[in-house]
Amino acid sequence: MTDTSPLIEAEGLEVKRGAHVALRNVDFSIRPGEIVTIVGPNGSGKSTLLRALIGAIQPSAGTIRRKPGLRIGYVPQSLHVEPGLPLTVARFLKLPTRHSKKAIKDALEYAGLPDLHDRQMSVLSGGQFQRVLLARALLEKPDILMLDEPTQGLDQRGSAEFYRQIEAVRRELNCAVLMVSHELHVVMSASDRVICLNGHVCCSGTPEIVATAPEYRALFGTGTKGALALYRHTHDHAHDHDHPQLDHHHEDHAI
Ligand SMILES: Nc1ncnc2c1ncn2[C@@H]1O[C@H](COP(=O)(O)OP(=O)(O)OP(=O)(O)O)[C@@H](O)[C@H]1O
């Protein structure tokens, strides 16, 4: 039988950054194959939550349980690569752990970059660079992929394409996805569950439930309504089998 127990589970999490309490009383869990998105205003603790779940920051209270042997693929917001440094994509992907040529080729393919092997890192476009970071995370064969605002600096189309790639990766590799994003309209409709954070969990649930929650509206207003519907109209065919809980017949009601 498939094991659907949570990959990571946090209870009563409190995380301090210096004297500042960045997170308090946060409960969280993610199951195999789920796409969960964290939204919230600047400084609401989104990156802090991801870093605590990875184990990069110690919580000051509460517990985090990771499934034994859990493999996490982490895609950071950005990464500085010395511009003058001659470094091909393939070599970059071998740092710091060596991987076989085949593994690198597969990872680039999953990330949507089959031909970029020998390209210099310094000449990549923003979208290509983020996909290389995605390929690097995929090399770890993650049970869960964590992305911290991975489309910063990409234009709207570039980020929509990036998120579609993430959905394709999830389908093919069957990994869970936990991401932080500001692009509510794109990301919320692609998620199974959305968590709205503001130092604590304001509200959480399916994109529809969160978009209509008063706590969410107090933070973001109702401005995502049109964009959320628009994205659905454009992409609902591709998403139907992935998100059976999304009912496309009710797009006109007030979300
Ligand atoms: N090293 C640190 N020392 C002190 N305070 C910190 C540190 N890192 C983060 N903080 C504070 O913790 C809070 C949460 O920061 P975090 O980066 O998690 O927010 P975020 O929701 O990811 O923000 P953004 O959307 O702007 O990226 C912020 O108020 C921030 O100023």
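Which residues does Ala-135 touch, not counting residues up to four places away in sequence? Ala-135 touches Leu-93, Ala-107, Leu-108, Ala-111 and Leu-113, where contact requires C-beta atoms, placed from the backbone, within 7 Å.

## Basis of the model

This is a predicted model, in which local features need pLDDT of at least 70 and side-chain atom pairs count only at pLDDT 80 or more, whereas totals for chains, interfaces and linings use all residues. Residues are numbered from 1 along each chain as its sequence is written.

## Overall architecture

The protein chain has 9 helices and 9 strands, taken as DSSP runs (H or I of at least four residues for helices, E of at least two for strands) and numbered from the N terminus. Of the 255 residues in the protein chain, 36% are buried, a residue being buried if 20 or more other C-beta atoms, placed from the backbone, lie within 10 Å of its own. Among contacts with a separation of 6 or more, 68% involve residues 24 or more positions apart.

The domain assignment gives domain 1 (1–71 + 143–162 + 172–239) and domain 2 (78–141), with bounds that come from an automatic or database assignment. The contact takes 11 residues from domain 1 and 8 residues from domain 2. On the side of domain 1 that touches domain 2, helix α5 (residues 156–173) gives the most, with 4 residues, and the residues of that side divide into 5 nonpolar, 4 polar and 2 charged.

## Ligand shell

The ligand is surrounded by residues that include Arg-17, His-20, Asn-42, Lys-46 and Thr-48, each counted if its C-beta atom, placed from the backbone, lies within 6 Å of the ligand. β2 (20–30) and α1 (46–54) each supply at least two residues of this shell, and α1 gives the most, with 3 residues. The shell divides into 1 nonpolar, 9 polar and 2 charged residues, with Gly counted as polar.

## The β8–β9 hairpin

Strand β8 (residues 193–197) pairs with strand β9 (residues 201–205) in the antiparallel sense over 4 bridges, pairing being assigned if DSSP finds at least two bridges between two strands. The two strands form a hairpin with 3 residues between them, and Gly-199 in the turn has a positive phi of about 85°. Cys-196 stands opposite Cys-203 in β9.

Conventions:
Contact = placed C-beta atoms within 7 Å. Buried ≥ 20, exposed ≤ 12 C-beta atoms within 10 Å, placed from the backbone.
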